[in-house]
Every structure is written in structure tokens, then in C-alpha cells.
Amino acid sequence: MSQIWIAAGIITILIFLIVGAILRKTIDFAKYKKEILFIFGLNLLLPTSLYYLIRIPIDHLLNGWFSSYPELLYWVKSLYAPITEEPGKALILLFPFCFKFLNKNTIQGAALSAGMGFGIGEAWLLAYLFAGNPTVNAYQWYEYTGFMNERFVVAIIHGAFVGLTMYFTVIKRSFTLGIILAMLSHFLLNFPIMLFSPHGISLTMENRQIFLMLWTVLFLTLSIIYHVWLGNKPGRSLI
């Protein structure tokens, strides 16, 4: 058995213990248990659902259409995550009991719950996709620190992304602005990964890793600030 499964289990526990503990302090869990668990569960299923129901079918279409233009195909595929994951996370707004639940006092908890679900769901999807790779199977569980760190960061940052959609939809009454900001933020997070690739600007592996680490830390910091802001100053305008 690939030990990436163990790594996925460990990061799941850590997200529950750390982000879950913060969640319990930001919202009355006993009062809103149904809504929080629903948001968590929906986002838990989201990465796998989007991958198999949307991204793979789109992949087949685009590979046929752009088979003669591999560079263009690469950049078109770079839009997958923002334009599928952010609307997917916004599906909770279609459920009346969830929409009614969201207000300036509950958005922070809802965003954290969504981020938890998405981060854990993506960890297990990636574990499933990579478990059959002989190179991956050669690693011990403790050698997956990069994988585990990234999944934890995803839980925080993706919670902030959907928090943008929630805030602008519920407080500012502008779903369009919220979803655009969420997708744009998501694209900006991923952009350096695509830019400093064989299809973009050439960098040494060391310099690429340093830049991507700093970029991720920047987004993580901004996401934490935004989560705190949602809880402390929910009535203050962002724009």
C-alpha cells in the first residue's frame, strides 16, 4: 500500500484538530450544526465530483480541439481550477436553508467549514490519483511533508476564496462581483506555477521553489487576515 494514504490520513486529522478547533470558536456549532456539516460535506465531495464529472470530460474535448497547439492548450487548462472550483464551492448558495443561515455573524464559520471540506477532499483525491505511481509508492509517509503542508494551506486559502463569494453575495448583494473576485484570486495564486514552467519563463528549480514558497506564504497570510476580518469587522466595506 502506498504510504500517501497515511499522509492523507494525518493531514485530515490535523485539519480537523487545528482548523476545526478554530471553527468551533468562531460559531455556535450546537446552534448551526446542520448548516456547518452540510457545507463541510458538500465541499468534501467537491474535488472528486469536479474532477470526474467536469474536468475529465472537458479535457477530452480540449485535447481534440487544441491537439495542434500544445502551448495554447496548456494555458487554457490553467483556467480549470478557478472557473470550476469557485462556482462549485458557491453551490451552497443554491440551498435555501444555507443561504438563510449566512449573515455577517456566520460567514466566517461557513468559510472555514468549506475550506476544511475542500482541503480534506482534495487530499484524498490526490492520494487516490498518485497511489498507483511507482515513484510515489517509493516514499515513506514522513516524506510527504510537502503534500501535507500544501493540503493544510489549501484548507485555509480556499476557505478565504469562497468567503469572498459569500461576503459579496450576502452582505453586498453582488454574487457576480464575489465570484469574479474569488476566481481571480484563485487564478493569481496558481499563475506563478504556470508562468515558471517549461511553457513559460525558465528558472532554476531552486529559484522556482523559493519564489513559489514565498508566493504561497503571501496568499496564506492574506487569507488568514481575511478570515479574521470576516469575524471581527464584517460590516466594514472592502471596496
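1. Where does T106 lie? T106 is found in the loop between α5 (96-101) and α6 (107-130), where helices (H or I, at least four residues) and strands (E, at least two) are DSSP runs numbered from the N terminus. The model is a predicted one, in which local features need pLDDT of at least 70 and side-chain atom pairs count only at pLDDT 80 or more, while totals for chains, interfaces and linings use all residues. Residues are numbered from 1 along each chain as its sequence is written, and side-chain values use heavy atoms, with hydrogens and water left out.

2. T106 is buried, at a relative accessible area of 1%; buried stands for under 20% relative accessible area, exposed for over 50%, and partly exposed for what lies in between (1.4 Å probe, protein chains only). A polar atom of the T106 side chain lies 2.9 Å from the backbone nitrogen of N103. Leaving aside neighbours within four places in sequence, T106 is in contact with I27, Y32 and F101, contact being heavy atoms within 4.5 Å.

3. Helix α10 (residues 205-232) has 28 residues and reaches 40 Å from its first C-alpha to its last, close to the 40 Å expected at 1.5 Å a residue, the expected span being 1.5 Å times one less than the number of residues. The buried residues of α10 are L212, F219, S223, Y226, H227, W229 and L230, and these pack against α6, α8 (145-170) and α9 (175-195).

4. The structure holds 16 aromatic pairs (rings of Phe, Tyr and Trp, the last by its six-membered ring, with centres within 6.5 Å; planes under 30 degrees apart count as stacked, over 60 as edge-to-face and the rest as tilted). One of them is the edge-to-face pair of F38 and F95, with 4.8 Å centre to centre and 70 degrees between the planes. Because F38 lies in helix α2 (residues 33-65) and F95 in the loop between α4 (80-89) and α5, this pair ties together parts that are 57 residues apart in sequence. F38 is partly exposed, with a relative accessible area of 26%, and F95 also counts as partly exposed, at 32%.

5. Y167 and F168 form an edge-to-face aromatic pair, 5.1 Å centre to centre with 90 degrees between the planes. Y167 is buried at a relative accessible area of 1%, and F168 is likewise buried at 1%. Y167 and F168 belong to one aromatic cluster with Y226 and W229, and both Y226 and W229 are among the buried residues of α10.

Notes. A polar contact is a pair of N or O atoms within 3.5 Å; within protein, one must be able to donate a hydrogen and the other to accept it, and residues adjacent in sequence count only if both atoms are side-chain atoms.
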